[in-house]
Structure formats: C-alpha cells, structure tokens
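The sequence and the structure are shown first, and the description follows.

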Amino acid sequence: MPKQFCLECSPTHQLSHMNSWLTSLVSESGDRLLAILLPRSIDRLLERAVTWGFLNGFRAVGILKASAIDEHTHIHQRSRVVADEAARRGMNVQVYTIAKSPTNFFLLKGHGEKPLLFEGLPGIDPTKTKTAIDDKEFVRGVMQEIGAPTPEGASFYSREKALAYGASIGWPLVVKPRFGSLSAHTTVNIQDTEELDRAIRVAQQISLPFIVERYIPGHLYRATTVGEKVVAVGRRDPPSIVGDGISTIEELILRREQEQVPLMVALGYKPEEIPSLPRHHMKMDPSEVLPAGEKVAVTWKINLSYGATVEDVTDLVHPDNIELFEAIARRVTHPTAGIDFIAPSIADSWKSQQCAIIELNSLPSIDLHHAPIVIGQERNVAGALLDYIVGSKIQPPDHS
C-alpha cells in the first residue's frame with residue numbers, strides 16, 4: 001500500500017492529527033490555568049525546574065549524551081550553520097542524543113567559560129527562556145501595542161462566531177491555527193462563507209483555537225534580528241514554473257521538483273524525505289501547455305523543501321522598515337527573532353503601503369540567509385548571534 005499523507009500538513013505530511021491537536025489544547029488550557037492559579041514568577045520557576053530536572057536527570061543516567069557533529073548528523077540547518085561558524089572560531093558545538101538520535105539540545109564549548117546549553121540556537125536556554133511570540137494571537141496584541149501594521153483579525157474557538165466575524169470584516173480572508181508552523185492547515189485568499197467554513201474545519205484538525213484575519217497581498221519578507229538589530233532580510237518566493245510553450249504544467253512541475261533535489265541533498269535531506277510539490281493549490285489543468293515565458297506559482301506555501309527561494313534584499317530595505325523591525329525586536333527581547341512581513345515592496349516605507357507583520361518566530365531558520373540557500377549576498381547571521389551571546393558577553397535576557 002502506498003504511504004498516505006495529509007496535504008494540509010505538507011511538507012510535514014503527518015497523517016494523524018491527534019498529537020498536534022492535543023498539544024495545542026494542553027498548551028492553551030494549561031497556560032490559562034497556570035495564569036489563574038500561580039503568579040507569573042512562580043509559573044516560570046516551575047517550568048524551568050521541570051526542564052532543568054529533565055535535562056540533568058537524563059544526562060546523569062546517560063540517556064542524554066553529548067555527541068560530535070559531522071556531515072551525517074541529522075540536525076536542522078539553522079543549528080548546523082552555528083556549529084560551522086563556531087568551528088571556524090575555534091569553538092565546538094555538540095548535540096545531545098538519545099539512543100544515538102539527535103535532539104534539538106546542544107552544548108557550545110571553547111568560548112572561555114563553562115559550556116553553554118542551548119535549544120536550536122545559542123541564547124535559547126531551555127532552563128531559562130520562556131517565550132510567547134510563537135502564539136499568533138499574542139503577537140497580534142504586541143503589534144497593536146507598539147503601533148505596527150498587523151492584519152485585522154481575531155482568535156476563536158467557536159466556528160459559528162468565526163463565520164459571523166469573517167463575513168463582517170469582508171473578503172478575502174486567511175484562517176490559520178493559533179499554534180503551529182510551516183503553514184500547516186492554513187488557508188489563504190478565502191472568498192466566501194463556504195470557503196471560510198471549510199478553512200475553519202481544516203484548521204481545527206490540529207488546533208482548537210484558530211485565527212481569522214484579513215488577507216494581505218504582497219511579497220513575503222523575512223527580517224532576522226539579533227538582539228535589537230536587523231542583521232538580514234530576505235524575500236521569500238513560492239516555487240514557480242515558467243512555460244516554454246511545449247511542456248505541460250505537470251511536466252514543468254516534475255522538472256522543478258528534480259531541480260530542487262541537489263540543494264536539499266546538500267542540506268542533509270535524503271531523496272525520499274523531499275516532498276513532492278502539492279498540486280491541489282493550482283487552479284489549472286495539469287495537462288495544459290503553459291505559454292512560453294508565463295510564470296505560475298505552483299503553491300502559495302513558501303517552504304524550502306518545496307523549492308521556494310530566498311533572495312537577499314537587506315540593502316534595499318527602507319529605513320522606516322528597519323526602524324519597525326528593530327522596534328519589534330526591542331519589545332520581544334529575544335536573542336534572535338524571525339519577523340514575517342508582507343508588503344508590495346520592502347524598498348518602500350511601511351507607512352505608505354498596505355502591509356502587515358503576520359508572524360514572529362522565536363527559533364528562526366537563520367540558515368535562510370546563509371549559503372547554499374540564499375540567492376545574492378550571504379549574511380553571516382550565525383556569526384552575529386555568536387558575537388551577541390559569546391563575543392559580547394551579553395547574557396540571554398529573561399523572557400515572558
């Protein structure tokens with residue numbers, strides 16, 4: 001029997017949604033209950049104590065082991081660019097493994113002080129760091145607080161209330177899970193109540209709370225900050241095909257998939273781990289011949305494993321936009337953050353165009369700004385992060 005995948009989860013392709021749904025339910029209800037029962041300071045201490053106990057207990061009995069990283073170690077590329085940069089500086093990053101399988105916990109050694117524990121990226125200490133910026137509704141409140149552009153929208157549990165709200169603010173709309181990443185179970189450019197109803201049901205397959213918000217057209221930009229400074233900005237474009245007047249759309253898609261394989265293999269993916277491009281987003285007949293020179297996006301999902309591209313635009317960013325991104329960085333006080341910004345042009349001020357901050361990421365893929373991914377000038381975000389955490393001897397801030 002061929003393997004079955006959930007197209008709404010792609011590129012993660014999970015078939016069972018129970019784990020994601022329960023995680024979102026526990027996260028939301030647990031945070032609410034603790035906020036009622038415990039002062040914030042005690043809540044933080046309990047979470048840190050549990051994480052500290054887990055890590056140190058597993059290390060003490062040998063379940064968690066620090067291991068060397070080589071080209072075959074299966075870790076996220078964002079952590080690998082840090083390990084590579086650390087090695088160039090005479091430092092060493094090790095990964096904690098369980099039964100020889102890598103986790104997302106690391107140790108940075110050789111910087112003149114005791115080893116630095118981090119989760120995914122330096123500065124994110126799982127025994128100290130607590131963040132809420134991955135909660136999309138929390139981010140909406142922060143954006144409104146500091147006067148940053150954000151789509152009109154709201155968070156819901158009730159399908160009926162969300163349907164009424166969506167109709168009241170008008171089309172087009174976006175529906176997305178309140179918690180989650182990689183655009184899983186997200187629907188964009190919703191045009192009517194029937195599409196809205198389906199989108200809500202799709203979102204609630206993995207998250208009880210969901211968000212309905214106004215759809216903002218434009219390019220998707222990722223601004224990456226370290227400390228309070230913007231260090232890189234990239235324009236992220238969806239995977240596209242260009243007609244030659246001879247090939248069918250399906251043939252062009254197959255060719256585009258093959259073109260992506262060398263990059264993904266270079267990033268540590270096995271060929272069988274590279275997902276196929278989703279055809280269900282296209283409104284065209286796959287047997288149709290695309291006219292020469294015509295460019296069509298295969299999917300709106302901007303994910304690297306699908307063949308999305310990232311072009312460096314750091315030097316093109318309008319000063320007002322830099323000021324906006326750095327104001328956000330000052331507010332969230334996170335060692336590094338990824339700011340997703342939609343606008344017609346990054347070279348124009350956010351004050352003069354329809355645009356929006358749509359999401360913040362506490363564990364950004366800084367590898368998007370490094371070779372071999374980025375098109376154009378490479379930005380050494382890993383180096384900037386190590387300078388911030390180690391070189392400048394700045395301790396990671398406490399977060400809430």
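Residues are called buried when their relative accessible area is under 20%, exposed when it is over 50%, and partly exposed in between (1.4 Å probe, protein chains only). Helices (H or I, at least four residues) and strands (E, at least two) are DSSP runs, numbered from the N terminus. The model is predicted: local features need pLDDT of at least 70 and side-chain atom pairs count only at pLDDT 80 or more, while totals for chains, interfaces and linings use all residues. Residues are numbered from 1 along each chain as its sequence is written, and side-chain values use heavy atoms, with hydrogens and water left out.

## Overall composition

The protein chain contains nine helices and 16 strands. Of its 400 residues, 48% are buried. Its accessible surface (Shrake-Rupley method with a 1.4 Å probe; for residues, only the protein chains shown count as cover) is about 19300 Å², and 55% of that surface belongs to carbon and sulfur atoms. A contact means heavy atoms within 4.5 Å. Taking the contacts between residues at least 6 apart in sequence, 69% join residues at least 24 apart.

Helix α9 spans residues 381–391, and eight of its eleven residues are buried. These buried residues are V381, A382, G383, L385, L386, Y388, I389 and V390. Their cover includes α3, β3 (101–109), β4 (116–119), β9 (219–226), β10 (229–237) and β14 (336–343).

Two strands are said to pair if DSSP finds at least two bridges between them.

Strand β2 (residues 92–98) is largely enclosed by the rest of the structure, because five of its seven residues are buried. On one hand it runs antiparallel to β1, to which four bridges join it; A66 has Y96 of β2 as its bridge partner. On the other hand, β2 pairs with β3, also in the antiparallel sense, over six bridges. In that pairing Q94 stands opposite L107 of β3.

The hairpin of β2 and β3 has two residues between the strands. Both A99 and K100 lie in this loop. A99 is exposed, with a relative accessible area of 70%, and K100 also counts as exposed, at 78% relative accessibility.

## Backbone features

Most residues other than glycine have a negative phi, and most peptide bonds are trans. The table lists backbone features that depart from this pattern.

| Site | Feature | Value |
|---|---|---|
| A99 | positive phi | near 55° |
| K100 | positive phi | about 70° |
| W171 to P172 | cis peptide bond | omega near 0° |
| A371 to P372 | cis peptide bond | omega near 5° |

P172 is located in the loop between α5 (159–169) and β6 (173–177). P372 belongs to the loop between β15 and β16.

## The surroundings of T73

T73 sits in the loop between β1 (64–67) and α3 (77–88). With 14% relative accessibility, T73 counts as buried. Leaving aside residues up to four places away in sequence, T73 touches A68, R80, V95 and P102. A polar atom of the T73 side chain also lies 2.9 Å from the backbone nitrogen of D70.

## A nonpolar surface patch

Patches are made of residues with over 30% relative accessible area and no salt bridge; like charges are joined within 9 Å, and nonpolar side chains (Val, Leu, Ile, Met, Phe, Trp, Tyr) within 5 Å. A salt bridge is a side-chain nitrogen of Lys or Arg within 4 Å of a carboxyl oxygen of Asp or Glu. V61, I63 and I98 make up one nonpolar patch on the surface, with about 240 Å² of accessible area together. V61 is placed in the loop between α2 (40–60) and β1, and at 59% relative accessibility V61 counts as exposed.

Notes:
Polar contact = N/O pair within 3.5 Å; in protein donor to acceptor, adjacent residues only side chain to side chain.
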